[in-house]
Amino acid sequence: MTTAQPLQHEHDPSPPEPDAAADADDEEESRVWSQIKAEARRDADGEPALASFVYATVLSHPTLAGSLAFHLANKLASSSTLLSSTLLYDLFAAAHAARPDLRAAAAADLLAAGARDPACAGLLSHCLLDYKGFLAVQAHRVAHALWAQGRRALALALQSRVAEVFAVDIHPAAAVGSGVLLDHATGVVIGETAVVGDGVSILHHVTLGGTGEAVGDRHPKVGDGVLIGAGATILGNVRIGAGAKIGAGSLVLADVPPGATAVGNPARLLLGGDQRGGAPAGESMDHASFMLEWSDYTI
C-alpha cells in the first residue's frame, strides 16, 4: 500500500483573499498572521533543518487560512480512506473562504494558547505548527460545518482521521466556541450533543460524554470561561456554568453553578471558584487554588 504524498505548495490553488472591508476579526487575524510570519522567519534562519518545512507551511502562504489548510491537509492525508492532501486542502480552503467565523475562531484559539499555555511562551507559530490540540479543533470546525450541510459521511470520515492522527475525538455535531485551548489534548473525547463555550480550557484525557442510557440530547453543556482539569469526566446533559472549574480527575454527574469549583470522585462543590485577578478559570488556568479551601486535603 502506498502512503499519502505530502501536498506540494507550488501546485496549490490559493484560497480567496479576505474581503477588503476588514472588520475587527479581520484585523485580529492579520495581526496574528503577521506575528506568526515574523516568528517563522526567525525559526527558518535559526534552524536550517526546518527551513524548508517552515517556508512550505507558513512563509509561502499569503494568509493564515491558507497556511492552516495546507498544514492540516498534509497532517490528515490518508491513503486508506483516499483522503488525499489535495482533496483536504480544497476542503479546508473552501470552508475558510465561505466562513469568516472559522478564520476568526482560529486566530482566537492561537491567542488563547499564547496567553494561557506557558509552554507556548507566546510563540503562535509553534502552536500553529506543532500543537495538536489547536490543529484538532480547527479540523473539527470544518467537520462541524460539513455536518451542518448534511455531508455527514465526510464529516465522520474527517472525525475518524483526526482521532487517528491527533488522539482527539470530537463528534462533528458537537458545537465548540472560540478562544478554546486543548492543552496537551491527548485523549480528549467530546460527544455528539455537547456544547463548549468561548474561552474554555480543557486538559488532556477529559471526557464530555453520555451516561450510556440516555438518547437524544445527552452530553454536557460547558459555559464560557470554564477550566476542566486533566482526566476529568463529565457525563450526561449537565450544565457547567460560566467561569466554573472542574478539578483534575473529577467525575461530574450534575450541574455546576457559574463560578463554582467541582472536585472529587464523585465531585462535590466548593463555592467561590477561581477569582484570581477577576479572570474566569478558563483564562487564569489556576488548577490548585481550591486546595486552600478543601480542609480535609492531606498529603
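Let's start at Gly191, which sits in the loop that links strand S4 (188–190) to strand S5 (195–196); strands here are DSSP E runs of at least two residues, helices are H or I runs of at least four, and both are numbered from the N terminus. Keep in mind that this is a predicted model, where local features need pLDDT of at least 70, side-chain atom pairs count only at pLDDT 80 or more, and totals for chains, interfaces and linings use all residues. Residues are numbered from 1 along each chain as its sequence is written, and side-chain values use heavy atoms, without hydrogens and water.

Gly191 counts as buried because its relative accessibility is 11% (buried is under 20% relative accessible area, exposed over 50%, partly exposed in between, with a 1.4 Å probe and protein chains only). Beyond its neighbours within four places in sequence, Gly191 touches His171, Ala174, Leu208 and His219, where contact means heavy atoms within 4.5 Å.

Ser125 belongs to helix H6 (residues 124–130). Ser125 is buried too, at a relative accessible area of 1%.

Now for a helix pair. Helix H7 (residues 132–148) packs with helix H8 (residues 152–166) at about 170°, the axes being 8 Å apart; axes are lines fitted to C-alpha atoms over the stretch in contact, and angles run from 0 to 180 degrees between N-to-C directions.
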